[in-house]
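I opened my notebook beside the model. My plan was to take a few places in turn and write down what I found.

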Amino acid sequence: SKLKVQKNNQSLVYQEDSRVRINCSITSQTSQDSQHAVLWYIRRASGSETDELLLRIERTGAFVYGAYADEERLRRRVQAERLSPRLYALTLNRAESSDSGTYYCLVEEWLSDPDGTWYRLSRDTSGYTKVQVKQPEPQLRVDELENNVTVEESSSIRLGCNIFSQSSPDSRFSVFWYMERSDDEDIEDQPGEDEDKRDCVFSIGHDAIFGNGNCSPPDDNGPNTRFQFERTTSDQYSLTIHGARPADAGRYYCHVEEWLLNPRNEWYRLATNNSGVTIVNVLQQVSTIHSVVCSNESLFYFLFFYPFPIFGILLIALLVVRYKGRNNNKSQEGKNGAPLLWIKEPHLSYSPTCLDPPALSLHPGSVD
């Protein structure tokens, strides 16, 4: 047998979702009438010495997939070609990290005897091609600027989350807002180090589902929720908390997870990053007469609505009393309308030395 296969060893590095191509070249053969069967093997990158059969190309050109191809679901992604009588190629489309390993081909040379029966004359293997399929380098970076915000009670708190860079144009993001209480003295400057001391305020997953990622916000996400989420652009998120309460004071930050779709159409988390801390202070409102009245509905109605009908009833009663009093007065008047007078007995005084006649005086009586 003069069969020889090229034995060049090489190492190739590819990004995930790339196209991997490996050649198998026959440099010499025993006879011009020789036919070849080519078997492609892979030695997994995990260090196992067991070589898995990927596929076999029979001397007749038929394809037979090995158990490894079925196990790893490679039938749709693997492609074997015969470029010339002595050159074969293996192609992996949309390579993923699990495709990393060492590949080589084993060539069988077949000849026919005078009776026309084919027999295997010899075997030879190629060199080893080490393939490493890497996921994209994580380049996720979130705004780490720290802010200090002071708002009044019952106003709105706006929290931003800006993504400055991402690892892939096809990346999707899960965004979580966490809050650490301001009265926790053991909290360090770096957010998210102690998950037991933080509360999940709001979250949206890479699949656009609110509350994804086992986030249990303290408030309900019903129609009366205080949270308003906005995504102005693909890399800018914001959360507004309406009706600020004293309990909302604390250290807020957003936690971003970057997700990518692998060749198997499965999402995986590539990288995570935290934003800077926003310290929120809530000023409590001072209780005034106006705030107390407006905050108490029953008191508000009692002061501004109930007095009007009561005052109206009192006014009507007063008018009725005055009207009855006037009627009583009219009943004591004379027929001509003049008031009656009581005439007292005239007081006559006589004096023997007085030349003037006695004076007669009338005194009006009292009218009841």
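**Entry 1: Lys-7**

Between which two strands does the loop with Lys-7 lie? I found Lys-7 in the loop between strand S1 (4-5) and strand S2 (10-15). Strands here are DSSP runs (E, at least two residues), helices are DSSP runs too (H or I, at least four), and both are numbered from the N terminus.

I noted the ground rules next. This is a predicted model, so local features need pLDDT of at least 70, side-chain atom pairs count only at pLDDT 80 or more, and totals for chains, interfaces and linings use all residues. Residues are numbered from 1 along each chain as its sequence is written, and side-chain values use heavy atoms, with hydrogens and water left out.

The scale I used calls a residue buried under 20%, exposed over 50%, and partly exposed in between (1.4 Å probe, protein chains only).

I left aside its neighbours within four places in sequence and found Lys-7 in contact with Asp-124, Thr-125, Ser-126 and Gly-127. Contact means heavy atoms within 4.5 Å. The side chains of Lys-7 and Asp-124 make a polar contact of 2.9 Å. A polar contact is a pair of N or O atoms within 3.5 Å; within protein, one must be able to donate a hydrogen and the other to accept it, and residues adjacent in sequence count only if both atoms are side-chain atoms. A polar atom of the Lys-7 side chain also lies 2.5 Å from the backbone oxygen of Thr-125. I checked Tyr-128 as well: its C-alpha atom is 7.3 Å from that of Lys-7, although the two residues are 121 apart along the chain.

**Entry 2: the sheet with S1**

In what order do the strands of this open sheet stand? I wrote down S1-S3-S8-S7, four strands with antiparallel pairing. S1 and strand S7 (78-84) stand at the edges with a single partner strand each, so one side of each has no neighbour in the sheet. Two strands pair if DSSP finds at least two bridges between them.

I counted six bridges between strand S3 (residues 20-28) and strand S8 (residues 87-92), in the antiparallel sense. Opposite Cys-24 I found Tyr-88 in S8.

**Entry 3: strand S9**

Why is S9 largely enclosed by the rest of the structure? Strand S9 (residues 101-112) is largely enclosed because 11 of its 12 residues are buried.

I listed the partners of S9. Strand S4 (residues 35-44) is joined to S9 by 10 antiparallel bridges, and His-36 stands opposite Glu-109. Strand S10 (residues 118-125) pairs with S9 over seven bridges, antiparallel again. There, Val-107 faces Asp-124 across the pairing. Asp-124 is also the residue whose side chain makes the polar contact with Lys-7. Strand S11 (residues 129-134) pairs with S9 over three antiparallel bridges, with Thr-102 opposite Lys-130. Five residues lie between the strands in the hairpin of S9 and S10, and Gly-116 there takes a positive phi near 90°.

**Entry 4: Glu-108**

I stayed in strand S9 for Glu-108. Its relative accessible area is 1%, so Glu-108 is buried. Which side chains make polar contacts with that of Glu-108? I found Arg-56 at 3.2 Å and Trp-110 at 3.2 Å. Beyond four places in sequence, the contacts of Glu-108 include His-36, Leu-39, Arg-120 and Ser-122.

**Entry 5: the sheet with S12**

Another open sheet has four strands in the order S12-S14-S18-S17, with antiparallel pairing. Strand S12 (141-142) and strand S17 (227-233) are at its edges; each has a single partner strand, so one side of each is left without a neighbour in the sheet.

Strand S14 (residues 157-165) and strand S18 (residues 236-241) share six antiparallel bridges. The bridge partner of Leu-159 is Leu-239, and Asn-162 stands opposite Gln-236. S17 and S18 are also joined by six antiparallel bridges, and a hairpin links them through two residues. Five of the six residues of S18 are buried, so S18 is largely enclosed by the rest of the structure.
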